[in-house]
Amino acid sequence: MAKICLCLTAKTLKRNLEILDKYRKYADVTELRVDCLEPDERLLIRRFPEQAGMPVILTIRRDIDGGQFVGGEGVRINLMARGLAFAETDRRRNFAYLDIEDNLDVPSLEEAAQTFGTRIIRSYHNAQGTDANLAAKIRSMRHSGDEIVKLAVRANSTRDVLNLLKAGKECADQEKILISMGHYGMYSRILAEQFGSMMSYCGAFAETDAPPAAPGQLDVQELSKQFRFRNITKTTKVYGITGNPLKATSSPLFFNTIFDLEGTNAVYVPFPADSIVDFMEIANHLSLEGVSVTIPYKESVIPFLNSMTDEVQSIGACNTLILTPQGWRGANTDARGFSGSLLAFLARENFKRQRVTIIGAGGAARAVVYELHRLGAKVLILNRTAGKAGRLAAPYKFASGGLDERETARIEKYHDIIIQTTSAGMEGTGDSVDPLSFYNFSGREEVMDLIYNPKMTPLLKRASSAGCNVLNGYDMLIRQAQHQYVYFTGKEFPDHLLSRVRYGEI
Ligand code: NAP
């Protein structure tokens, strides 16, 4: 089973030991990053393994490889030798591993390490990108039979992650550590077992003086508690969410909490992806069982489906993939999540005699329009790109138009409920605008914004100040996730656990 390695990046040995003591229950191995220590402290590393009380990797990372060591190679090699010196017969008092870069050839160090049972991690780093022919690289790097090959390469795209995953599979017979660094590759750190990597490196980021040792590194508590890293084996069912940029998503916390409370052997992982084509290949390689799909792939994922629910067919947007014996089946849980949330908020059973304005005509709007039609509302759809609103409205015979002040009079005829479905106002988009700024609320409108982060968008704040009842998209999110849970697991959602996953805060 893959191990968790806690990287220690504080400036003193004493502080590193304090951090290790606080988090040792989450780690199997620790890496002493000697390059992060103050120069005087680097001379005192020899006793660290004994003090640490767990297997320690000795690493002195050069600045060219993403580390902090800027001295000459002679000094660095001397420090490594100092770490291995006066080896003890009780191996727990020696460094368990020595990290030596692929292009550093010092036979005396290798000999010393081998004599006293310190295993060599033969490492290669590329902080800029992912090399071609990774499988060949893995096979050629090992200098002697007992070495562990480590490849830490930056993923600039989903294709880069895919290439590392494929290389890991090709070299399944080799003991190795594989890391896809950066945002796109962060799930390689959670699914180390599936990537064929024997270790995942993480940090203790609650400690302000323990900075990440590499881009995309996860916090040790997040990896252990939220993702239950130590429970992930080859038989663990893997689910996840894909989208781009996928920076803030509360779905992993929702699903992993439920899986944990129910004792299900499953994990739910974020898969940021710059290409739906490449992500689908990754999904097949990792044998994913189910996927939540978010911006911007709800429509572009449809060609990959082998079958779909009637809702996906009618809505033209899919936010849920379920692996079946016949391939990927697409479902849409946004629709029921939306109507369940808004009907509960309004204490209604349907939308008959309600005149509704919808802002936006993207994937989420499609689900909203479908449900409003199914439940009897009269609808006006307004979108920045008016033609798109027209195309969405036509099959339902709903009214449509552009998103500007010329539509004010028509909004006043469709203002029982106003539903904001665009991404304008969402955290992380840099687009903190109110897409309905030209409209003055009377105070009698019921206003829903599908965005849940932030809790109050500029539009909701303005509507609330005018006296309107307002609802954000958090309840919808939870409800659609409950429907996804049923699709993913084939089981009823455990309602008694709902209070454990409704956080109120995102
Ligand atoms: P999408 O398919 O990419 O559609 C985006 C829509 O937003 C389009 O209508 C687009 O107009 C419009 N838009 C973007 N920026 C705008 C701006 N600055 N001013 C005016 N209009 C703008 O995205 P989506 O999947 O529909 O998602 C939209 C939002 O709904 C996201 O914030 C998402 O988080 C939220 N959502 C929430 C839930 C939930 O469970 N609460 C579920 C699904 C979605 P153009 O056509 O003119 O480009």
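**Figure 1. Contact of helix 7 with helix 12.** In this close-up, Thr158, Arg159, Val161, Leu162, Leu165, Lys166 and Lys169 of helix 7 meet Asp278, Phe279, Glu281, Ile282 and His285 of helix 12, where contact means heavy atoms within 4.5 Å. The contact of helix 7 with helix 12 divides into five nonpolar, two polar and five charged residues; Ala, Val, Leu, Ile, Met, Phe, Trp, Tyr, Cys and Pro count as nonpolar, Asp, Glu, Lys and Arg as charged, and the others, Gly among them, as polar. The model is predicted: local features need pLDDT of at least 70, side-chain atom pairs count only at pLDDT 80 or more, and totals for chains, interfaces and linings use all residues. Residues are numbered from 1 along each chain as its sequence is written, and side-chain values use heavy atoms, with hydrogens and water left out. Helix 7 and helix 12 (residues 276–285) pack at an angle of about 25 degrees, and their axes are 9 Å apart. Helix 7 is therefore roughly parallel to helix 12; angles under 35 degrees count as roughly parallel, over 145 as roughly antiparallel, 65 to 115 as roughly perpendicular and the rest as oblique. The axes are lines fitted to C-alpha atoms, for helices over the stretch in contact, and angles run from 0 to 180 degrees between N-to-C directions. The crossing of helix 7 and helix 12 is left-handed, a term used if the near helix is turned anticlockwise from the far one by less than a right angle, with right-handed used if clockwise. Helices (H or I, at least four residues) and strands (E, at least two) are DSSP runs, numbered from the N terminus.

**Figure 2. Contact of helix 6 with helix 7.** Helix 6 (residues 134–141) packs against helix 7 (residues 158–170) at an angle of about 50 degrees, with the two axes 8 Å apart. The two helices are therefore oblique to each other, and their crossing is right-handed. Leu134, Ala135, Ile138 and Arg139 of helix 6 make the contact with Asn163, Leu164, Ala167 and Glu170 of helix 7. By class, five nonpolar, one polar and two charged residues take part in the contact of helix 6 with helix 7.

**Figure 3. Contact of helix 4 with helix 5.** The axes of helix 4 (residues 73–84) and helix 5 (residues 107–115) come within 10 Å and cross at roughly 15 degrees. Helix 4 is therefore roughly parallel to helix 5. The contact joins Ile77, Met80, Ala81 and Leu84 of helix 4 to Leu109, Ala112 and Ala113 of helix 5. Its residues comprise seven nonpolar, no polar and no charged ones. Helix 4 passes helix 5 in a left-handed crossing.

**Figure 4. The largest cavity.** One cavity of 30 Å³ or more is counted; on a 1 Å grid over the protein atoms alone, a cavity is a set of points where a 1.4 Å probe fits but cannot get out, a pocket is an open set with protein on both sides within 12 Å along at least five of seven lines, and lining residues have an atom within 4 Å of a point. The largest cavity holds about 40 Å³ of space, a volume being the space filled by probe spheres set on the points, with grid points joined across faces, edges and corners. Its lining consists of Gly83, Leu84, Ala87, Asn94, Phe95, Ala112, Phe116 and Thr118. Five of these lining residues are nonpolar, three are polar and none is charged.

**Figure 5. The largest pocket.** The volume of the largest pocket is about 1,400 Å³. Of the 50 residues that line the largest pocket, Ile295, Thr421, Thr422, Ser423 and Met426 lie nearest its centre. Strand 12 (290–293), helix 15 (363–374) and helix 19 (474–489) are the elements that give two or more residues to this lining, and helix 19 gives the most, with four residues. The lining of the largest pocket has 21 nonpolar, 21 polar and eight charged residues.

**Figure 6. The second largest pocket.** A volume of about 260 Å³ belongs to the second largest pocket. It is lined by 14 residues, of which Glu222, Lys247, Thr249, Pro252 and Pro270 lie nearest its centre. Helix 10 (220–226), helix 11 (251–262) and strand 11 (266–272) each supply at least two residues of the lining.

**Figure 7. Backbone details in three loops.** Asn244 and Pro245 are joined by a cis peptide bond with omega of about 10 degrees, and Pro245 is found in the loop between strand 10 (237–243) and helix 11. The peptide bond from Ile295 to Pro296 is also cis, with omega near 0 degrees. Ser287, in the loop between helix 12 and strand 12, has a positive phi near 50 degrees.
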